[in-house]
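Take a moment with the fold before reading on.

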Amino acid sequence: MNLECDPTVDQLRELIRRNDDDSGHHVLWVDRSGEVRISRLPAGKSSVPGDRPPAGFAESHPDMRLCYETFLAGNEYVGSAAAEDGEWISKLLASLNEEWHKSHADGEFSFVPISSGLFDESSSVSGGFTCRSQ
């Protein structure tokens with residue numbers, strides 16, 4: 001799914017569905033060309049920072065333009081249940097588009113923390129957060 005090619009809800013839904021929430025923590029990130037990616041963190045990453053990408057993640061992904069706070073395992077940010085949550089998918093797509101355009105315009109790396117107010121507690125995602133436009 002590429003943010004430069006008018007991505008659809010169905011494309012994001014499929015990307016989210018392909019990941020297993022129980023397999024570990026995940027990072028949603030976008031490369032310089034606008035390609036949206038989800039990477040599972042290596043096993044043993046039990047502690048992840050909430051205010052920046054996990055240690056070493058940016059260094060191992062030098063083409064990263066923006067990323068979201070780590071999606072902790074067990075909160076249904078990814079996987080089949082997350083993919084079926086229409087509100088989550090729609091709002092996440094809107095957030096991705098908005099953050100991409102801001103990041104693209106200023107040419108700077110962007111980190112989107114869950115605690116930034118972008119996510120609220122009204123979602124059916126079991127972690128209790130969903131994104132909303134600012």
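In which helix do Asp 10 and Arg 13 both lie, and how many residues apart are they? Both lie in helix H1, three residues apart, about one turn of the helix. A salt bridge here is a side-chain nitrogen of Lys or Arg within 4 Å of a carboxyl oxygen of Asp or Glu. Asp 10 is exposed, with a relative accessible area of 55%. Arg 13 is buried, at 19%. Buried means under 20% relative accessible area, exposed over 50%, and partly exposed in between (1.4 Å probe, protein chains only).

This is a predicted model: local features need pLDDT of at least 70, side-chain atom pairs count only at pLDDT 80 or more, and totals for chains, interfaces and linings use all residues. Residues are numbered from 1 along each chain as its sequence is written, and side-chain values use heavy atoms, with hydrogens and water left out.

Now the overall plan. The protein chain has four helices and six strands. From the N terminus on, the order is α-β-β-α-β-α-α-β-β-β. Helices (H or I, at least four residues) and strands (E, at least two) are DSSP runs, numbered from the N terminus. Of the 134 residues in the chain, 49% are buried.

Turn to the sheet. Four strands form an open sheet in the order S2-S1-S3-S4, with mixed pairing. Two strands pair if DSSP finds at least two bridges between them. S2 and strand S4 (110-112) stand at the edges with a single partner strand each, so one side of each has no neighbour in the sheet. S1 and S2 pair in the antiparallel sense over five bridges. Trp 29 stands opposite Arg 37 in S2. Arg 37 also forms a salt bridge with Asp 31, with the closest N and O atoms 3.0 Å apart. Asp 31 is buried at 4% relative accessibility, whereas Arg 37 is partly exposed at 34%.

Helix H4 lies across S1, S2, S3 and S4, running at about 145 degrees to S3. Axes are lines fitted to C-alpha atoms, for helices over the stretch in contact, and angles run from 0 to 180 degrees between N-to-C directions.

Leu 12 touches Met 1, Ile 89, Leu 92, Leu 93 and Leu 96, not counting residues up to four places away in sequence.

Leaving aside neighbours within four places in sequence, Asn 97 is in contact (heavy atoms within 4.5 Å) with Leu 3 and Pro 7. Glu 99 and Lys 102 also lie in H4, three residues apart. Their side chains meet in a salt bridge (3.4 Å, N to O). Glu 99 is buried at 8%; Lys 102 is partly exposed at 38%.
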